[in-house]
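Dear colleague,

Please find below the structure that I am handing over to you. My notes on its helix packing and aromatic contacts follow it.

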Amino acid sequence: MRRRAGVLAAICFTILCPGMAANAAAQDAPVPLQPYPVNHELRVDSDADVRFLHDGPAGSHGFIEVRDGHLYRPDGKRFRCWGVNITGFSLGSAEIPPNAEARETAAALARLGINCVRMHFLDMPVSRTPKEGSGKGPDPTPHKDSPSGLIADGPTSRVLDPAALARFDYWFAELKKNGIYVNFNLNVGRTYRSGDGVPDADLIGSAKAYTYFGPELIALQKEYAKQLLGHLNPYTKLRYADDPAVVTVEVVNENSLLEFWMRNWLRGERVKGGRNLQLDMTPHYQALLVKMYNDWLAKNRTPAEVAELQRIAGVAAGQPVPFMRRGDHPDAPRLRLDAELGFLTQVEIDFHADMKRFLTQEIGVKSPIVPMADHTYFIANQPLMRTAMKSDIMDAHVYWQHPAIYGKRGEPMVNSPELSIIQKLARSAVAGKPLTVSEVNHPWPSGDYGAEMIPILASYAAFQDWDGIFFYTYEPKLHGKWTPLVTGEFDIALDPAKIAQLPAGALIFLRGDVSPAKEVVTRSYSTDQISETSRMPRAEMPYYTPGFDKRIPLVHGSRVSCLDCKPSLPAPLPPANPIVSDTGELSWKTSDGEDGIISVNAPRSQALVGFVSANPKMQTRNLSVDIRNDFAAITLSSLDGKPLNLSDRMLLTTTGKVENTGQSWNARHAMLSNWGTAPTLIEPITGWIQLKDLEGAIGVSAQALDGSARPIGPAIRGKMIEPGWEIAVGAPATTTYLIRIER
């Protein structure tokens, strides 16, 4: 209706007022894309930097601790991570950069507000060639000029490359000096070689699931952990196990026996029979796991129950009980369902208990241990939580429209409040445990709407009182080998919108500008419920909890209180649009799944994110906009710690559509058919930003900054209007303004 009205108005203007029609047409025309490259080599110190959020070298206050359900410094001050993963898959990138790039990247991250990094894929070969757009998947082709992980070349994966380790030591020291903590992610992408003594090494790839029970694989994981965490860094004079700049140690990444078990079920729902489940394992590992299972049955089930399991499986008395076949699970008797679920859960629990004991007692790790992450929202997570809840910290991963999930993509999350990444992450939060999000992104190509991610996530993560966010991923650039365009689905390092919003998100989340929920509601699950969740259809995602109102995490704090206990659910919420947080600071509004908009209205940070032009009445106490763009993510934050109405220095981000030059989609709008070339382009947010209720202001100016935080041209003088001050934005093209107030 809104678009039709615009067409009718244009017709009337053309007939009656040709001049007005021309002006209206100019207003309705798309805002032209403009070059806006990000260049960290040229990044300079700026009054818009937020490194003041850091409190000295990382670890200067001692080891981060888990206390009262959150992360704390030893002096009792609350600690949060605002972080990125570090990888090196995109063209011109390296996870372990040379020393010059290490200094440059550490300083750039600190200026952007990053205070934690997750070292991901360190257990990869030291040499390979990155490919443009290669995403998360590693390209194993050797290339001496593109260093990657720590594993030396050769017949075994048991040796750390001395040169790579020396580079890493310097890199770590630079991060620490800049106030940036490090998460060590131990088992991620390691593949095993002929000299490792691993059965079927050439068949099992990165050995996901096998690593939980293969004795050779468990021994090699421990050996690697000891080599890395027991290593003395010559720059810090500390072993990594003894360094308080290590914020957490993560045991496995996206790796769970239970997950693979349940995912096999989902693939088998449409086809009965088929090959034995056995997790598609090689005969060696099948036999090992079946033996472990039957040994467990002998200790944990009565002879009569074992006999019944043999009957159900169709094997003779005295024969091993096999696992179910694909497709058997939806109708499986509970005796069989519970037996397999109980056994695999115990394998996971025992593995992680042993690894924690090894890390803390034999290596001497003093940082909190993270066992695993809830990372597959299209299967139930309650079974996995039995393992995770025995740990120091809960952890989760989520992506909005991951490129591995095919179909139409590039859709705005702001139109889907009940399917958002907030819902998918909130399912993992547990009462009395910190929650970190160690991977999250709106993967490329998300250029039309990717600007929405950081302000939405930062605001709702602060509201839910979570403890850490790590965006996947940031890739350090090698001098002379990178070009100013987005080259991979996950690398945010050269994305103009996401880079611009990292400082704004740090202010919202690290500084706690958005208040935690006033009320925290909980839910709990019985043993029967957990068993049944494991075979619920995908349509129940992400909560797999019939009767749970998915809007609750947008209104109240949300936690799981206990498992295998008396079940409980919070009452559903009354209908509401917008969905408003119980603090009144966050509001999420849609119109029948379209024209979504979120407002953030806190004293020190405010934002309008979404289809701003379709919601002209949406404003906050100190911010309103009148722009030509359909979609925008606009944030305003105090840089001096004062409320916005009293602040003398503010950070204004105006972000929207981002593209590479010449990029194009395929016919299904599922992926790019042409990734394009340099430079990246932005749709400048064009129109007027109004700053209201600025007490005692006699002048307002806005300095546009380029992709290296350098000033572009002279400052833009604000004009006094009745509600406050108005700033013209859009020329020069930028994503970031430093606002100064004269009083």
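Tyr472 and Phe490 are both buried in this predicted model. Their rings form an edge-to-face aromatic pair, with 5.5 Å from centre to centre and 80° between the planes. The pair links distant parts of the chain, 18 residues apart: Tyr472 belongs to strand E13 (residues 468-474), whereas Phe490 lies in the loop between E13 and helix H13 (496-509).

A further aromatic pair is formed by Tyr543 and Phe548; this one is tilted, at 4.6 Å centre to centre and with 45° between the planes. Tyr543 and Phe548 are likewise buried. In total, the structure holds 28 aromatic pairs.

The charged end of Arg80 is placed over the ring of Phe509, 5.5 Å from its centre. Lys424 lies over the face of Tyr377, and the distance to the ring centre is 4.1 Å.

Turning to helix packing, helix H7 (residues 283-300) packs against helix H9 (residues 334-363) at an angle of about 105°, and their axes are 10 Å apart. Angles of 65 to 115 degrees count as roughly perpendicular, and H7 and H9 are therefore roughly perpendicular to each other. From H7, the contact involves Leu289, Met292, Tyr293, Trp296 and Leu297; from H9, Ala339, Glu340, Gly342, Phe343, Gln346 and Val347 take part. By class, this contact of H7 with H9 comprises 8 nonpolar, 2 polar and 1 charged residues.

Yours sincerely

Key: Residues numbered from 1 in each chain as written. Predicted model: local features only at pLDDT ≥ 70, side-chain atom pairs only at ≥ 80, totals over all residues. Heavy atoms only, no water. Axes fitted to C-alpha atoms, helices over the stretch in contact; angles between N-to-C directions. Helix = DSSP H or I, 4+ residues; strand = E, 2+ residues; numbered from the N terminus. Parallel < 35°, antiparallel > 145°, perpendicular 65-115°, else oblique. Contact = heavy atoms within 4.5 Å. Nonpolar A, V, L, I, M, F, W, Y, C, P; charged D, E, K, R; others polar. Phe/Tyr/Trp six-rings, centres within 6.5 Å; stacked < 30°, edge-to-face > 60°. Buried < 20%, exposed > 50% of the residue type's maximum accessible area, 1.4 Å probe, protein only. Lys NZ or Arg CZ within 6 Å of the ring centre and 35° of its normal.
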